[in-house]
Amino acid sequence: MHRLRMNPRRERRRIIRVSGVCEILKAIPRVHDNTRESPPSRRSHEGTPVISPPLPLPPLRLQNSFNPIATGAFTPRDPTTAQPLGGGGGGGGHKNHRRAGRAAATHAAAAAAAMGLDMESMASAIGVSVPVFRFLLCFLATIPVSFLWRFVPGRGARHAYAAGSGALLSCLSFGFSSNLHFLVPMLLGYLSMVAYRSKCGIITFFLGFGYLIGCHVYYMSGDAWKEGGIDATGALMVLTLKVISCAINYNDGLLKEEDLRESQKKNRLIKLPSLIEYFGFCLCCGSHFAGPVYEMKDYLEWTEGKGIWSHSDKGPKPSPFGATMRAILQAAFCMALYLYLVPQYPLSQFTDPVYHEWGFWKRLSYQYMAGFTARWKYYFIWSISEASIIISGLGFSGWTDSSPPKPLWDRAKNVDILGVEFAKSAVVLPLVWNIQVSTWLRHYVYDRLVQKGKKPGFFQLLATQTVSAVWHGLYPGYIIFFVQSALMIAGSRVIYRWQQAIPPKMALMRNIVVFLNFAYTLLVLNYSCVGFMVLSLHETIAS
């Protein structure tokens with residue numbers, strides 16, 4: 001290919017312009033090494049081959065910073081004459097337009113540079129990378145955006161607002177390509193419901209999980225998260241569960257009511273949702289980033305003001321502000337505690353040779369504190385999601401039986417912090433940790449693997465935990481953790497049976513067994529969760 005010859009004057013301008021940009025960029029403080037914006041690695045982890053998808057996928061990654069050289073946004077000017085350097089003098093309308101355009105570009109570039117500088121300094125101040133900080137801003141914005149939904153008139157406009165606001169915040173947080181990724185499982189699920197209703201549930205299950213697994217393997221998102229980056233696969237995980245549940249419930253609409261469980265009767269769909277209803281359900285910004293997962297039927301009743309959202313004899317519509325403020329204060333406390341603890345218990349310590357010189361009890365205590373520290377990050381994320389869902393009204397789940405009745409917001413609740421930290425048995429952990437996903441797994445995996453007239457066993461438990469592991473990603477650490485969790489729950493059930501076998505008169509012995517179950521849960525949970533945090537097989541075994 002022939003190389004184009006460049007005018008010497010233009011070449012001189014380009015050199016001056018680039019050198020000026022370099023000086024500006026040198027003045028911008030960089031984020032500390034432990035929060036650098038490294039691109040996600042595509043190296044295979046032990047036992048996890050990198051599989052390229054059949055079609056090239058648009059990148060999920062963020063544009064980490066404003067690129068002034070690529071855009072040609074900076075044009076250095078003479079400080080005394082305000083003329084563009086190397087631009088020559090002279091008048092004329094054409095040159096004046098060029099000067100005006102350059103001036104506008106310079107001001108825009110300066111504003112963008114100042115914004116980028118502020119973003120980077122603020123991100124560095126709280127110890128995160130710029131992409132993560134940008135995600136946090138968009139994530140926090142879901143609270144006011146969800147509140148504004150209350151003032152949108154009409155069902156169609158509400159569906160459009162839910163879909164549009166979720167897509168916009170995704171674009172700002174992850175880039176436009178994230179919405180293209182979201183479209184794939186959404187359209188596959190909807191087309192299966194239109195074309196083959198009798199099998200749409202199982203088709204959507206495998207297609208949705210197949211696409212999610214492809215994204216997990218191709219992008220190796222766990223590496224990006226550990227290195228301070230972030231991408232859209234977390235939101236894609238939540239979306240996949242929504243799409244699958246909608247298709248399965250539409251499939252259940254064909255079955256006889258007497259053959260259905262109570263949860264199936266409650267959530268099944270008789271009529272195919274319209275496309276705008278479906279998009280609003282999938283992208284509703286309050287739960288789009290991190291959950292909680294909810295049902296299509298609940299979303300439609302909330303939007304249309306039906307069911308528990310209709311006018312109640314118990315009084316006016318419940319006020320969400322008290323519950324929302326409680327969730328926000330909880331989120332602030334969780335983030336403050338996490339930022340305080342994380343420098344003291346870094347995950348890098350597990351691969352430090354000094355760690356392997358420690359005694360058993362010191363290593364066990366460090367594993368506990370590392371797991372304890374990591375959990376507060378999830379508590380923060382779920383508390384913000386809870387506030388967003390509550391303030392929109394979707395989190396409302398009914399009234400108490402007290403007098404006067406008080407509103408319940410259980411639909412928005414994704415974690416019970418005290419229930420996790422002081423769990424008396426591993427059996428209760430799915431009921432207090434990632435509550436809505438655990439409910440989804442019970443309704444759409446665990447219960448549906450139990451044959452009619454038979455009791456569930458270890459197979460159903462192991463299969464459910466395996467699906468949960470694959471949903472999180474194909475890292476060895478995830479697989480090891482969730483297989484261990486199945487064994488942990490089975491062991492806790494055995495201890496519970498011992499407890500039940502003790503006569504009521506032997507209260508002291510019963511209390512000892514209760515404490516044994518608590519200690520067993522605490523020990524095994526924090527020992528197992530190391531794999532969930534470090535992800536790779538080598539680090540999991542080494543720790």
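These legends go with close-up views of a predicted model.

**View 1. Helices α20 and α21 pack against each other.**
Two packed helices are described by the angle between their axes and the distance between the axes. Here the axes of α20 (residues 458-472) and α21 (residues 476-501) come within 8 Å and cross at roughly 150°. That angle is over 145°, so α20 runs roughly antiparallel to α21. The crossing of α20 past α21 is right-handed. On the α20 side, the contact is made by Phe-458, Leu-461, Leu-462, Gln-465, Ser-468, Ala-469 and His-472. From α21 come Tyr-478, Ile-479, Phe-482, Ser-485, Ala-486, Leu-487, Ile-489, Ala-490 and Arg-493. Sorted by class, this contact has eleven nonpolar residues, four polar ones and one charged one.

**View 2. A cis peptide bond joins Gly-291 and Pro-292.**
Omega is about 0° at this bond. To find Pro-292, look in the loop between α12 (285-288) and α13 (296-304).

**View 3. The Ser-403 to Pro-404 peptide bond is cis too.**
Its omega is near -5°. Pro-404 sits in the loop between strands β1 (398-399) and β2 (407-408). For context, most peptide bonds are trans.

**View 4. Asn-434 and Leu-535 have positive phi values.**
Most residues other than glycine have a negative phi. Asn-434, not a glycine, has a phi of about 45°, and Leu-535, also not a glycine, has one of about 75°. Asn-434 is in the loop between α18 (429-432) and α19 (435-446). Leu-535 belongs to the loop between α22 (507-534) and α23 (537-542). Asn-434 is buried, at 11% relative accessible area, and Leu-535 is buried as well, at 3%.

**View 5. Trp-149 and Trp-302 form a stacked aromatic pair.**
The structure holds 41 aromatic pairs, and this is one of them. The ring centres are 3.9 Å apart, with 15° between the planes. The pair links distant parts of the chain, 153 residues apart: Trp-149 is in the loop between α4 (130-148) and α5 (155-174), while Trp-302 is in helix α13. Trp-149 counts as buried at 6% relative accessibility, and so does Trp-302 at 3%.

**View 6. Phe-281 and Tyr-294 pair edge-to-face.**
Their ring centres are 5.6 Å apart and the planes stand at 80°, so the pair counts as edge-to-face. Phe-281 lies in helix α11 (residues 275-283) and Tyr-294 in the loop between α12 and α13, so the pair ties together parts that are 13 residues apart in sequence. Phe-281 is buried, with 0% relative accessibility; Tyr-294 is buried at 5%.

Definitions and conventions:
Residues numbered from 1 in each chain as written. Predicted model: local features only at pLDDT ≥ 70, side-chain atom pairs only at ≥ 80, totals over all residues. Heavy atoms only, no water. Axes fitted to C-alpha atoms, helices over the stretch in contact; angles between N-to-C directions. Helix = DSSP H or I, 4+ residues; strand = E, 2+ residues; numbered from the N terminus. Parallel < 35°, antiparallel > 145°, perpendicular 65-115°, else oblique. Left-handed = near helix turned anticlockwise from the far one by under 90°. Contact = heavy atoms within 4.5 Å. Nonpolar A, V, L, I, M, F, W, Y, C, P; charged D, E, K, R; others polar. Buried < 20%, exposed > 50% of the residue type's maximum accessible area, 1.4 Å probe, protein only. Phe/Tyr/Trp six-rings, centres within 6.5 Å; stacked < 30°, edge-to-face > 60°.
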